[in-house]
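Student: I have a structure to look at and would like to talk it through. Could we take it one piece at a time?

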Amino acid sequence: MSVAEVRFESQAVARAFARYAGTLGALGGESRARLLALMAEKLRAVDHRDLPDENTRALEAARVVAAFGGVAPGRSVLAPPAGAGFDPSRVLPLCDLAALSVTDCMPLANGRRPATLAELNDAFYLLAAAIDAEPRANVLARLGTTHKAELVRRVEDALAGTSFPKGEGGRLGAAAAMQLRSSAATVLVEICDSLLPPKGAAERRLLRSSLDKAASLARAESFAPLRAAMVFGLYRLQGRLPAELCDLTRALVREVAPVRPAYDEWLKDGKVGVEMVIDDDFGTIDKVRAALSAQHFVETDHDPPTFERTVGSGAKAASIEIKVWSNQKDLFEAMDAGETETDVIWFFGHSERGRAVLESLVHPPKASGKDKLAVLATCFGKEDVWNVQQAFPEAQVAASFRSVFDHEVTQAMGVFWDAIGKRRSWASISKALGGPEKGNWLTPADALLRHRLMDRDGDGRADIFDRLFDVSLTKSRESRWGAFTPRAPRAPPHRLAHQKGVAIAAWLNRGPAGTNDVTRHLNEDSRVTAAGFFAGAPGDRPVRFAAMVLADGRPGFALQVNDHFAHMPEEAMRAVAAYELNSYLSRYVPQYPLRDDPLRAGVNGLMVAAFSLDSDSFTHDASVWASLLCYYGLPEEISAAELLLAAKKFYAPELHNSAGGEPAIAEYLANLRARAPGVLARLEEAMTGAAAAQTPAAVGLPVRLYESPVAVVEHGGDPGNTYCEHVFFLAQEAAHAADSAVVTNRQGEKLVGFLHVPRDVYTGSTRPFVPRERYAGIVEVVGAGLSGYVREVEARVPSGPVRVLLSGFGPFADTPPVVSNATGDFVSHPENVDRAMRRAFGANLQSPKGREVKLANGLAPPARLLEYDVVLASGLRSVQILCLPLATDDTALDPASPTSLTGALARFRAHAVLSMGSRAVFGNTFIVEHHADADHLDLTLPPESDAEVEDGVSLADNYSLARAILGALGR
């Protein structure tokens, strides 16, 4: 079966499942069982690796329904939501599971009860995955209390191994058993969440019972990362639990989380052993000797330098022995449980200069780190917390939060020695240090912040987002060869793992914020959090950012990785993420200092990326830098070394601004202007063009224009230097002609817009489809555009028909080919335009079906002219839509031809133009373009020579369609 056929089958299966799910309750038990079995068989046959993400998620949802929807004969499977009919056009994406009312929660697999514990494990995993995928709504909220109690009982039976007798599928392997425990914890917490606040005695009893079971599961868990995930799941409920149950979760935290250092274990021999490793640069023996001498330590040995002191008094008296080592590459050897002399490992040095932390983790000892403490007193030591805890999951780790100075390390030492003498908790220690915000230290007491930095299961999402600890992820294989070349993902985005996902986000605080003066204030308090993978496409950038609200209510930024770049190695992804964060801030954040200067903003991004490569612990800087320049279309002569030299010239140790700032940018540009003005001109052209195409926020427009279950509308960047951009360019030029009828909006923009429509499963095939289902998204978006444009025209053309030209393209050869172009087919069939007009004007549309008007002025088929009667603010008006399918060749551009866009525009005398073209990306995201230039466009050349034209005129950005869509939505 071809990829196109697989995609078609997958959507057909999902659609059929959605259509029948609402009526299964009316079927007899045997018929229902047969239907469930048939659908389950179809679902199993689908290869998810070949599906776009939205279909994969729909099928995962269908599997959840199949697993949890079946019941014994004579009982219903699904009931429609209260007060609403079941909508068969929705393909059951995971976010719609909360809208279903499941009337029985006995897990089933493949249309029957599970025959093995493994099948029951799969069913619970699917439900936990659905919970994890929908953070905005409780998936189990519509279950009744009786059904929730039954689900709790099934969870308990499965965990106890009583679901199946031994020898009859009642055993699981270690990994599967861990996944069952993890899934069970997620389900139990979701049940607790659904009961808050409890209503009545039965819900209170069930809440207490579920909470007790989740707490017991966490206490008994032996795998430290999973135990921490379970505890944090319950921690999320803390603020909403009844007062009498808050003590239970607090007690659990005290039992399984590091509330205080392991004093009891440390002091079994009456002494706390500390190994302090210095890098002989930032950390030196003279600094340590002076600091410890001032804190009343006595030097008792010189090989290695050893210092001793007694702290505390009476029963709390304790001896501290500190041994100081220089440039050790195995500083974590003492993590071994058999090494009892060392309790604390303290690294004091530059974050990367000595590379001691990372190099010591290349081949770490196989140990859990139980009862050990690591203190990372480096600049931005928090970036290595994730690495250390991956190697030693039960170790306690404290670290500096931002750039750290000698006096801060000395102060931290004093606080820590005092804490040992008084047996202080981590909360008390954190308070004495000022915490990560007022002070500069991250301790185990800073739970929420740590969960933003940690990714315990490696799925690329910070634990703050993650409700399910997933044992069965598909790990991406890093590859330096072709790092910037997109590859088809090995699994759906929510099933991918990347070992450095959160480390990337954490690292950004050192480059773009902590050591770059331009962006420091926008991210100095760790506002970047990794949010996993997104379903990208080969043409999408490797990473993207979006605004978010952090757990403490402050604004932040979510980082996602394109699943087509899951193979990109750490050093390349960190450099790209640093560059892209700067680009995102410059486009969308008003506080960014260089918002109106795309050249300097771009240079700042490059300076940060160069700093990223220079300061990491890898040795592939040159190849990564060359690939980065090539990928972003920047001059290959741009030197990372020269950028770093400019930054170094203005480096001030007390500011730790080694990643540059505005003076460094000015220095670099002055040198480049004097040395290579041609390179500077090309750099400025590249930077200015990119900025001009991606600054909707600069004109007051939101990043996302529209969002619904079937369509998301966002801004474009470059329409592509092919027929799509060419017709957009020529239509605008024609609209500005003196004799043009095209209307200008209040912002001085001609009502000429271009909409890029996403590919779907029919684009590459000749398979039949149902237009109402295929074009649901186009109807919404085009309807909004028509509504906005018609109302703009009405305000400026007081009488006569409102005339709009609506165009789309036909098939064309591409990779993969566009066999069925949704845009051309849409405008070729009046019933599609009828639906868009109904969507645009609702009850104000007086003629639900357009009247076909005879073509005139040289217009000819395949164009069609439809006329509608619409009640507008000025009264009843005629709205004429000229539907124009365009050939995907040069005839679409020929102004002398009545079948071209400009030829039809002149003959029709349109007041507004809305053109459409096909994207290369699957999904439901529509792109509104606003930039158009004449690159690769020369109508005097034959078609085969078109690509030889490199330069052309750029038009001013035109946001008229974006504004029209927003206006139609009342925003």
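Student: How many of the 8 residues of strand β15 are buried?

Tutor: In strand β15 (residues 555-562), 7 of the 8 residues are buried, so the strand is mostly covered; buried means under 20% relative accessible area, exposed over 50%, and partly exposed in between, with a 1.4 Å probe and protein chains only. Strands (E, at least two residues) and helices (H or I, at least four) are DSSP runs numbered from the N terminus. Please keep in mind that this is a predicted model, in which local features need pLDDT of at least 70 and side-chain atom pairs count only at pLDDT 80 or more, while totals for chains, interfaces and linings use all residues. Residues are numbered from 1 along each chain as its sequence is written, and side-chain values use heavy atoms, with hydrogens and water left out.

Student: Which strand pairs with β15 over 5 bridges?

Tutor: That is strand β13 (residues 528-534), which runs parallel to β15, and two strands pair if DSSP finds at least two bridges between them. One of the bridges links Ala530 to its partner in β15, Leu559.

Student: Let's switch to the open sheet of 8 strands; what is the order?

Tutor: The order is β4-β5-β6-β3-β7-β8-β9-β10, and the pairing is mixed. At the edges are β4 (298-302) and β10 (441-442), each of which pairs on one side only. Within this sheet, β7 (residues 344-348) and β8 (residues 373-377) run parallel and are joined by 5 bridges, with Phe348 having Ala377 in β8 as its bridge partner.

Student: And which helix lies across β7 and β8?

Tutor: Helix α14 (residues 406-422) does, and it also lies across β3 (271-278), β5 (305-311), β6 (318-326) and β10. Helix α14 runs at about 165° to β7, where axes are lines fitted to C-alpha atoms, for helices over the stretch in contact, and angles run from 0 to 180 degrees between N-to-C directions.

Student: New topic: which residues of α5 are buried?

Tutor: In α5 (residues 145-160), the buried residues are Lys148, Leu151, Val152, Arg154, Val155 and Ala158. Seen down the axis of α5, they fall within an arc of 160°, so they line one face of the helix; the arc is that of the directions from the helix axis to the C-beta atoms. On the other side of α5, Thr146 and Ala160 are exposed, and the helix is followed by Gly161, whose phi is positive, near 75°.

Student: What about α25, which residues are buried there?

Tutor: In α25 (residues 662-675), they are Ala664, Ile665, Tyr668, Leu669 and Leu672. These residues cover an arc of only 130° around the axis, which puts them on the same side of α25.

Student: Is Glu190 buried or exposed?

Tutor: Glu190, which is found in helix α6 (residues 174-194), is buried, with a relative accessible area of 3%. Leaving aside neighbours within four places in sequence, Glu190 is in contact (heavy atoms within 4.5 Å) with Ile131, Ala137, Asn138, Val139, Leu140 and Arg467.

Student: Last one: which residues have the most contacts inside the largest nonpolar core?

Tutor: They are Leu606, Trp625 and Ile638, in a core of 60 residues. A nonpolar core is a set of buried Ala, Val, Leu, Ile, Met, Phe, Trp, Tyr and Cys residues joined through side-chain atoms within 4.5 Å. Apart from that core lies another of 50 residues, among them Ala711, Leu751, Leu806 and Val928.

Note on methods: The expected span of a helix is 1.5 Å times one less than its number of residues.
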